[in-house]
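Here is a friendly walk through one model, written for someone who likes to check descriptions against coordinates. Please keep the viewer open as you read.

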Amino acid sequence: MKIAQLFGKGKTVFSCEVFPPKKTSPVDSIYKTLDGLKDIHPDFISVTFGAGGSSNVNQSTAEIASIIQNQYHITAMAHLTCVGCTKGEATEILAQLKNSGVENVLALRGDRNPDFPPKEDFLHANELVSFIHRRGDFGVSAACYPEGHPESPDLITDVRYLKQKVDAGAQHLVSQLFFDNDDFFRFLERCRIAGIEVPIEAGIMPVLNRSSIERMVSLCGASMPRKLTRILARYGDHPAALREAGMAYAIDQIADLMAAGVDGIHLYTMNNPAVAKQISASIASIRNV
Ligand code: FAD
């Protein structure tokens, strides 16, 4: 099923994201994560694409997407990046996805890594979106940034480029993580003013650990509301307390987003199915409304 078809049925779409295991781990180690996630019945699961050769991540995105689709019978979405593949490589990966029945791709530019020169056949995500869309075989999704992409000069320019991705064929958008729902609501308004009508999922990452959240925030530029900095200041050195407070914060964010009628929630699960399960259990009745 194409992901865009999941929307507009009166329910908030609920999706999860996993990443391929490290190169030192076998691909099979993903089964433990997927076994946990299947119990929460996500509408789809997406699989990230590591920067080509630049990280210690096992480049098995297509293989894992196929496992999700064919062994777990959950709609899968494979991420693909401009910096990580040439046109030839993209064609090969798309053929592999098609052969295994994976129908959805999240087309991204990818983050540049100074140690590894980016591939340059596609400079921006809109070019990759268009390349995939023209083949006609895939539902194409793209990324969006409620607080603007860190390289954007301003929020309006950012939404203008986002509109280019939608015009190029992106039928669904997934947002970067954010901690202040008002940032997301203001972003939705800018999108609607710009004529972006496709479903937009809100990306949520629970704060579970001080160092990982500080690293994410410095990478993606998400701002921290005072409520969250207070939590980090008070519980940052107490892992169990931080986990509890971070989960409560994420659940509160999701309940508010769903009350506002957002199209979907995309949970950055960090391959931690226990967290996804706890969140899912906490919003079980909300999901059914
Ligand atoms: P683009 O849409 O190309 O935008 C990048 C910047 O260029 C923005 O500032 C934009 O405003 C500007 N821009 C866009 N189009 C143009 C244009 N035509 N001309 C000039 N400027 C333009 N990274 C990975 O490596 N692997 C992953 O699996 C991955 N998954 C992600 C999933 C989600 C949901 C999100 C939100 C991000 C993900 N990322 C991933 C990170 C992403 O690759 C980075 O945020 C990257 O810096 C931007 O990607 P993009 O697709 O938004 O790029």
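This is a predicted model: local features need pLDDT of at least 70, side-chain atom pairs count only at pLDDT 80 or more; totals for chains, interfaces and linings use all residues.

**The barrel**

Let's begin with the strands. Eight of them form a closed barrel in the order S1-S2-S3-S4-S5-S6-S7-S8, and the pairing is parallel. On average, neighbouring strands of this sheet are turned by 25 degrees against each other, direction ignored.

Strand S3 (residues 75–81) and strand S4 (residues 104–108) run parallel and are joined by five bridges.

**Helices and their neighbours**

H1 lies across strand S1 (13–18) and strand S2 (44–47), and its direction is at about 165 degrees to S1. Helix H9 (residues 239–259) lies across strand S7 (200–204) and strand S8 (264–268), running at about 165 degrees to S7.

H1 also has a helical partner. What is the angle between helix H1 (residues 30–38) and helix H10 (residues 273–282) where they pack? The angle is about 5 degrees, with the axes 8 Å apart. Angles under 35 degrees count as roughly parallel, so H1 and H10 are roughly parallel to each other. On the H1 side of the contact you will find Lys-32, Thr-33, Gly-36 and Leu-37, which meet Pro-273, Ala-276 and Lys-277 in H10. By class, the residues of this contact of H1 with H10 are three nonpolar, two polar and two charged.

Now for the voids. How many cavities of 30 Å³ or more does the structure hold? There is one cavity of that kind.

| Space | Volume | Lining by class |
|---|---|---|
| Largest cavity | about 50 Å³ | six nonpolar, three polar, one charged |
| Second largest pocket | about 200 Å³ | four nonpolar, three polar, four charged |

The largest cavity is lined by Tyr-145, Pro-146, Glu-147, Gly-148, Gln-176, Leu-177, Phe-178, Cys-220, Gly-221 and Ala-222.

Which residues line the second largest pocket? Its lining includes Met-1, Leu-6, Lys-9, Lys-11, Thr-12 and Val-13.

Technical notes:
Residues are numbered from 1 along each chain as its sequence is written. Side-chain values use heavy atoms; hydrogens and water are left out. On a 1 Å grid over the protein atoms alone, a cavity is a set of points where a 1.4 Å probe fits but cannot get out, and a pocket is an open set with protein on both sides within 12 Å along at least five of seven lines; lining residues have an atom within 4 Å of a point. Grid points are joined across faces, edges and corners, and a volume is the space filled by probe spheres set on the points. Ala, Val, Leu, Ile, Met, Phe, Trp, Tyr, Cys and Pro count as nonpolar, Asp, Glu, Lys and Arg as charged, and the others, Gly among them, as polar. Axes are lines fitted to C-alpha atoms, for helices over the stretch in contact, and angles run from 0 to 180 degrees between N-to-C directions. Helices (H or I, at least four residues) and strands (E, at least two) are DSSP runs, numbered from the N terminus. Angles under 35 degrees count as roughly parallel, over 145 as roughly antiparallel, 65 to 115 as roughly perpendicular and the rest as oblique. Contact means heavy atoms within 4.5 Å. Two strands pair if DSSP finds at least two bridges between them.
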